[in-house]
Amino acid sequence: MPKMTFIERDGTRREVDAPLGLSVLEIAHKHGVDIEGACEGSLACSTCHVIVDAGWFAKLNEPTEDEEDMLDLAFDLQETSRLGCQLIMSEELDGLVVKLPAGTRNAS
């Protein structure tokens with residue numbers, strides 16, 4: 001099974017099983033990682049914002065315009081920021097590393 005690593009807000013690294021076809025948000029919830037996902041993955045908030053490790057960022061599909069619009073609302077936006085609900089686990093992403101931002105902003 002593919003794996004991925006979450007770097008939590010306190011710096012703790014947590015490697016977890018990452019089933020193919022699930023989003024990073026779904027994987028986080030499955031393993032009790034502290035990502036809100038207020039809109040439940042419907043691309044209507046930025047509370048599943050993650051910062052992708054620079055070595056992995058180029059391997060991701062380009063964000064859609066809708067995702068970029070939501071990222072504009074994210075707290076602690078970084079060059080490699082993405083929404084966890086839009087990152088779908090694939091064989092190519094086995095080993096993916098994402099960091100949780102310092103906080104979240106729920107504008108709803």
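Residues are numbered from 1 along each chain as its sequence is written, and side-chain values use heavy atoms, with hydrogens and water left out. In this predicted model, local features need pLDDT of at least 70 and side-chain atom pairs count only at pLDDT 80 or more, while totals for chains, interfaces and linings use all residues.

**Salt bridges**

Let's start with the charges that pair up. Side chains of opposite charge can pair when their charged atoms come close. A salt bridge here is a side-chain nitrogen of Lys or Arg within 4 Å of a carboxyl oxygen of Asp or Glu, and the count comes to four salt bridges. The table lists some of them, including the pair of Glu8 and Arg14.

| Acidic residue | Basic residue | Closest N to O distance |
| Glu8 | Arg14 | 2.8 Å |
| Asp34 | Arg9 | 3.4 Å |

For the cover of each residue, buried means under 20% relative accessible area, exposed over 50%, and partly exposed in between (1.4 Å probe, protein chains only).

Asp34 and Arg9 form a salt bridge. Asp34 sits in the loop between helix 1 (24-30) and strand 3 (49-52) and Arg9 in the loop between strand 1 (3-7) and strand 2 (13-17), so this pair ties together parts 25 residues apart in sequence. Helices (H or I, at least four residues) and strands (E, at least two) are DSSP runs, numbered from the N terminus. Asp34 is exposed, with 53% relative accessible area, whereas Arg9 is partly exposed at 36%.

Glu67 belongs to helix 3 and Arg82 to strand 4, so the pair ties together parts that are 15 residues apart in sequence. Glu67 is buried at 1% relative accessible area, and Arg82 is buried at 3%.

**A negative patch**

Helix 3 (residues 65-71) also holds Asp66, which is partly exposed at 48% relative accessibility. Asp66 gathers with Glu62, Glu65, Glu68, Asp69 and Asp72 in a patch of negative charge on the surface. Such patches are made of residues with over 30% relative accessible area and no salt bridge; like charges are joined within 9 Å, and nonpolar side chains (Val, Leu, Ile, Met, Phe, Trp, Tyr) within 5 Å.

**Around strand 4**

Ser81 is part of strand 4 (residues 81-83) and is buried, at 5% relative accessible area. The side chain of Ser81 makes a polar contact with the side chain of His49 at 2.7 Å. A polar contact is a pair of N or O atoms within 3.5 Å; within protein, one must be able to donate a hydrogen and the other to accept it, and residues adjacent in sequence count only if both atoms are side-chain atoms. A polar atom of the Ser81 side chain also lies 2.7 Å from the backbone nitrogen of Gln78.

Thr80 is in the loop between helix 3 and strand 4 and is buried at 15%. Thr80 and Phe57 are 23 residues apart in sequence, with their C-alpha atoms 6.3 Å apart in space.

**Positive phi angles**

Most residues other than glycine have a negative phi. Glu40, not a glycine, has a positive phi of about 60 degrees. Glu40 lies in the loop between helix 1 and strand 3 and is exposed at 74%. Asp76 also has a positive phi of about 60 degrees; Asp76 is in the loop between helix 3 and strand 4 and is partly exposed at 29%.

Terms used:
Areas by Shrake-Rupley, 256 points an atom, 1.4 Å probe, with all protein chains shown as cover. Lys, Arg positive; Asp, Glu negative; His and termini not counted. Charge placed at Lys NZ, Arg CZ, Asp CG, Glu CD.
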